[in-house]
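Have the sequence and the 3D view open as you read.

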Amino acid sequence: MSQIKTALFFLTLLMGGLQPVQAREVALRVVTEELPPCNMTISGKLTGFSTEVVEAVLAQAGLNGAFKSMPWARAYETALHDENVLIYSIARIPQRDLLFKWVGVIAPAEWGLFSTRARDIPLHTLEEARPYQIATVHGDVGEQYLQSRGFSIGLNLQSNNTYEQNYQKLKRGRVDLWMANAVMAKYLARQAGENWSDVMTLAYPLTDFGRNEGLHMAFSNQTSDEIVARAREGLEQIKRNGIYEALKKKWL
């Protein structure tokens with residue numbers, strides 16, 4: 001009898017030790033870049049339209065995450081190689097399809113090459129942009145797209161860490177063109193107290209990448225399908241219950 005009691009005692013300990021592991025919530029790392037008004041740090045706090053959308057999705061899905069803003073190339077590499085990582089706001093292109101587990105669109109995007117109103121560089125084809133110096137963000141989809149079309153860093157691409165740096169370089173004439181998302185570009189102009197239409201002009205729209213559907217949130221491939229499914233449902237729910245539209249009106 002004592003042996004049976006001892007066996008039951010250890011079995012109880014074993015089951016008790018396993019249960020918390022099964023029930024414990026996965027700690028997600030949530031990474032992004034400075035991409036106003038979607039993701040940006042204000043007074044030390046990461047906020048913005050996409051940030052609040054992702055927060056709402058995680059709350060709806062019952063998931064927790066530690067948010068961190070960093071240069072895009074580092075955020076991208078983190079999500080590419082580490083487990084339980086959520087990245088946003090990221091453009092979905094064919095080359096990235098199998099690299100992440102995609103949740104859905106969280107923000108609009110209108111990509112293009114911009115020039116200052118003073119320069120007003122008219123482009124009829126992308127090929128015509130080759131003689132110009134173009135500001136890009138290191139490792140982002142715009143830079144990757146131009147590189148795939150034969151543009152090169154150090155030749156006709158000037159790669160920087162933030163969109164704000166590129167905006168200033170364009171205004172100061174240190175580059176000829178700026179690869180950017182119009183939603184973000186217009187926001188930066190407003191923040192600088194400038195009338196967008198007085199400062200910038202769209203030199204060439206880029207409509208053949210990013211699926212023309214906006215910016216996404218996505219998980220690293222090392223994240224469980226169950227977590228991804230919960231996030232997808234959470235995104236659908238906030239789009240059905242009005243939270244997404246309320247955030248869109250607040251920020252955009």
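Let's start with D120, which sits in the loop between β7 (111–116) and β8 (134–137); strands here are DSSP E runs of at least two residues and helices are H or I runs of at least four, numbered from the N terminus. D120 isn't a glycine, yet its phi is positive, near 45°. With 40% relative accessibility, D120 counts as partly exposed (buried is under 20% relative accessible area, exposed over 50%, partly exposed in between, using a 1.4 Å probe and protein chains only). A quick word on the source: this is a predicted model, where local features need pLDDT of at least 70 and side-chain atom pairs count only at pLDDT 80 or more, while totals for chains, interfaces and linings use all residues. Residues are numbered from 1 along each chain as its sequence is written, and side-chain values use heavy atoms, with hydrogens and water left out.

S43 also has a positive phi, about 50°, without being a glycine. Look for S43 in the loop between β2 and β3 (45–47); at 80% relative accessible area, it is exposed. There are cis peptide bonds to check too: one runs from P36 to P37, with omega near 5°, and P37 belongs to the loop between β1 (27–32) and β2 (40–42). Another runs from Y88 to S89, with omega near -20°, and S89 is part of strand β5. For context, most residues other than glycine have a negative phi, and most peptide bonds are trans.

## The aromatic cluster

Searching the whole structure turns up eight aromatic pairs (ring centres of Phe, Tyr or Trp, the last by its six-membered ring, within 6.5 Å; planes under 30 degrees apart are stacked, over 60 edge-to-face, the rest tilted). The W72 and Y76 rings have centres 6.4 Å apart and planes at 45°, so that pair is tilted. Both residues lie in helix α3 (residues 72–81), four residues apart, or about one turn of the helix. W72 is buried at 3% relative accessibility, and Y76 is buried at 9%.

Y76 also pairs with F100: their centres are 5.4 Å apart and their planes at 70°, so this one is edge-to-face. That pair links distant parts of the chain, with Y76 in helix α3 and F100 in strand β6 (residues 100–107), 24 residues apart. Together, W72, Y76, F100 and W102 form one aromatic cluster.

## The core and its cavity

The largest nonpolar core has 81 residues, and V53, I87, F100, L113, I134, L146 and W178 touch the most other members (a core joins buried Ala, Val, Leu, Ile, Met, Phe, Trp, Tyr and Cys through side-chain atoms within 4.5 Å). Helix α2 (residues 49–61) gives the largest share of this core, seven residues. Leaving out residues up to four places away in sequence, W178 touches L113, Y163 and M200, among others (contact means heavy atoms within 4.5 Å).

What lines the largest cavity? Among the lining residues are E33, W72, S89, R96 and D140, and strand β5 (residues 85–91) supplies the largest share, three residues.

Conventions. On a 1 Å grid over the protein atoms alone, a cavity is a set of points where a 1.4 Å probe fits but cannot get out, and a pocket is an open set with protein on both sides within 12 Å along at least five of seven lines; lining residues have an atom within 4 Å of a point.
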